[in-house]
Amino acid sequence: MPVINVDDLTDKDKAKMEVDQLKIEVKLERALVSKCCEEMRDYIQSGADEDPLVKGIPEEKNPFKEKGGCVIC
């Protein structure tokens, strides 16, 4: 897709681009924020038992656990 410098366009071209964009946006299906939030919350809570960010990583499976100490003599 070519890059368009908006400063080089006429007012008519800018208005046409805006109308085209609004035509695209009006076709989008919209949903209530409250319904979306409920669905997101339910989705997050359904996977919380397996989520390592919520539950934590067991020490024996933690790939970032330090293998040993560092000794400086």
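1. Read along the sequence, that gives α-α-α. The radius of gyration is 26 Å, well over the 11 Å from the globule rule for 73 residues, so the protein is more spread out than a compact globule. Here the radius is taken over C-alpha atoms, and the rule is 2.2 Å times the number of residues to the power 0.38.

2. Keep in mind that this is a predicted model, where local features need pLDDT of at least 70 and side-chain atom pairs count only at pLDDT 80 or more, while totals for chains, interfaces and linings use all residues. Residues are numbered from 1 along each chain as its sequence is written, and side-chain values use heavy atoms, with hydrogens and water left out.

3. On confidence, pLDDT (the predictor's confidence in each residue, from 0 to 100) averages 88 for the protein, and 99% of the residues score at least 70. Helix 1 (residues 11–26) comes out highest, at a mean of 95, and helix 3 lowest, at 84.

4. For the overall dimensions, the C-alpha atoms fill a box of roughly 75 × 45 × 15 Å along the principal axes. Buried residues make up 0% of the 73; buried is under 20% relative accessible area, exposed over 50%, and partly exposed in between (1.4 Å probe, protein chains only).

5. The unreviewed UniProt entry annotates residues 5–73 as "domain: G protein gamma". UniProt positions follow the numbering used here, feature names are shortened, and annotations may be inferred rather than shown by experiment. Over residues 5–73 the chain is 49% helix and 0% strand, with the end C-alpha atoms 63 Å apart.

6. Now for Tyr-43, which sits in helix 2 (residues 33–46). Its relative accessibility is 65%, so Tyr-43 counts as exposed.

7. Asp-51 is in the loop between helix 2 and helix 3 (52–55). At 26% relative accessibility, Asp-51 counts as partly exposed. Asp-51 and Pro-2 are 49 residues apart in sequence, and their C-alpha atoms are 42 Å apart in space.

Note on methods:
Helix = DSSP H or I, 4+ residues; strand = E, 2+ residues; numbered from the N terminus.
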